Amino acid sequence: MPGSTVQVVLDLPIPKDFTYLVPPEMEASVCEGKRVKVPFGPREKVGLCVGRNLSAGRGFTLKPILEVLDAEPLLPPPLVELARWIGAYYGASLGETVFALLPGRLKKNRRPPKPRLTRKLGEITGPDLEHVLTGEQEAAFAPIAAALEEHRNASFLLYGVTGSGKTEVYFSAIARTLAQGRSALLLVPEISLTPQTYARFAGHFPGVSLWHSKMTQAQREEEWWRIRNQQRPLVIGPRSALFAPVPRLGLIILDEEHDGSFKQSNSPRYQTRVAARKRAELEGAVLVLGSATPSQESYEAAGRGELQLLQLTE
């Protein structure tokens, strides 16, 4: 009796997945989000599982997968679904998109050693780090806090003049999220801003990750595993940090959301602001777009009720 099959995508600009037979001895170990080694023409390639079928298609001769490379899924289902959505929305192949979410050496047949486990998400605790807010800041924070408490997907446009205290609202939102045992992403427009932002927040929160493209492959791989293994509940970085594999995502913040650097021009292309809304939707998280000069798209979205407008004027 034919066994089950698996859908596999490869890191190629090909707008389709490939179906492979699952050998009986691998039935229990194959699932979505794991890498597998597969035959592809005369070569062997590393692919990522994106779906399972309980039975093989009749009338087809299928090649079997050769090896399951991971003990656990590298990418959680919401990130696989986000990659699927980005590929469809922006016209990229699912293979290109999903492999863009992995550090360079994990795109190959490699089992890197995981870093030493320290404290995991939920074990990382600290004092009540919410800032004392002004009346106006508290009014802006209140609906964000309500959505966080309800674990409800909600999107906000925090429109605040320079010096009005948007960062104070960010601090309180992050503190509330971490206190719930959930993770947060803080995205900044430029890599040059990342170290100073990191220094500011790392001085207040435990378990902060700095994520950007200027890190070496080894640094990115080690930090990726720390994030994946629940040791970094707050990730700070430019647009690529949106795809950090944080567990139990509760909050995404885009600071200076109007900035043009949030647009990815190389394939797979995406607008971070739009992709962040989708990830927040998929994970039931809260999205905060902050700016002193909001983009026209965000301001109009607030006018249509797609974003809740929060204003800081002082």
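Tutor: On a 1 Å grid over the protein atoms alone, a pocket is an open set of points with protein on both sides within 12 Å along at least five of seven lines, a cavity is a set where a 1.4 Å probe fits but cannot get out, and lining residues have an atom within 4 Å of a point. The model here is predicted, so local features need pLDDT of at least 70 and side-chain atom pairs count only at pLDDT 80 or more, while totals for chains, interfaces and linings use all residues. Residues are numbered from 1 along each chain as its sequence is written, and side-chain values use heavy atoms, with hydrogens and water left out.

Student: What volume does the largest pocket have?

Tutor: A volume is the space filled by probe spheres set on the grid points, which are joined across faces, edges and corners. For the largest pocket this comes to about 670 Å³.

Student: Which residues of its lining lie nearest the centre of the largest pocket?

Tutor: They are Ala100, Arg220, Ser240, Gln264 and Tyr270, out of a lining of 31 residues. Helices (H or I, at least four residues) and strands (E, at least two) are DSSP runs, numbered from the N terminus. Helix 2 (94-99) and helix 6 (217-228) each give at least two residues to this lining.

Student: How many residues of the lining of the largest pocket are nonpolar, polar and charged?

Tutor: Ala, Val, Leu, Ile, Met, Phe, Trp, Tyr, Cys and Pro count as nonpolar, Asp, Glu, Lys and Arg as charged, and the others, Gly among them, as polar. The lining of the largest pocket holds 16 nonpolar, nine polar and six charged residues.

Student: Which residues lie nearest the centre of the second largest pocket?

Tutor: Thr167, Thr197, Arg200, Asp255 and Glu256 do, within a lining of 18 residues. Helix 4 and helix 5 are the elements that give two or more residues to that lining. The second largest pocket has a volume of about 360 Å³, and its lining comprises six nonpolar, seven polar and five charged residues.

Student: How many cavities of 30 Å³ or more does a search of the whole structure find?

Tutor: The search finds one. The largest cavity contains about 30 Å³ of space and is lined by Val9, Leu10, Leu12, Ile14, Lys16, Phe18 and Gly95. Five of these lining residues are nonpolar, one is polar and one is charged.

Student: Is helix 4 mostly covered or uncovered?

Tutor: Buried means under 20% relative accessible area, exposed over 50%, and partly exposed in between (1.4 Å probe, protein chains only). Helix 4 is mostly covered, with ten of its 14 residues buried; among them are Val169, Phe171, Ile174 and Leu178. The expected span of a helix is 1.5 Å times one less than its number of residues. From first C-alpha to last, helix 4 (residues 166-179) reaches 20 Å, close to the 20 Å expected. Gly181, which follows helix 4, has a positive phi near 75°.

Student: Which residues of helix 5 are buried?

Tutor: In helix 5 (residues 194-202), the buried residues are Thr194, Thr197 and Phe201. They lie on the same side of helix 5 because they cover an arc of only 70° around the axis, the arc being that of the directions from the helix axis to the C-beta atoms. An α-helix has 3.6 residues a turn, so residues three or four places apart point the same way. The exposed residues Gln196 and Ala199 are on the face of helix 5 turned away from its buried side. Contact means heavy atoms within 4.5 Å. The cover over the buried residues of helix 5 includes helix 4, strand 7 (183-187), strand 8 (208-210) and strand 9 (234-237).

Student: Which residues does Gln7 touch, not counting residues up to four places away in sequence?

Tutor: Gln7 touches Asp17, Phe18, Thr19, Leu48, Cys49, Val50, Gly51, Arg52 and Asn53, with that exclusion. Gln7 belongs to strand 1 (residues 5-10) and counts as buried because its relative accessible area is 12%. Lys45, in strand 4 (residues 43-53), is partly exposed at 22%.

Student: Where is Pro268?

Tutor: Pro268 sits in the loop between strand 11 (263-264) and strand 12 (270-271). The peptide bond from Ser267 to Pro268 is cis, with omega near 0°.

Student: What is phi of His151?

Tutor: Phi of His151 is near 50°, a positive value in a residue other than glycine. His151 lies in the loop between helix 3 (135-149) and strand 6 (154-160). Arg248 also has a phi near 50° and is placed in the loop between strand 9 and strand 10 (249-255).
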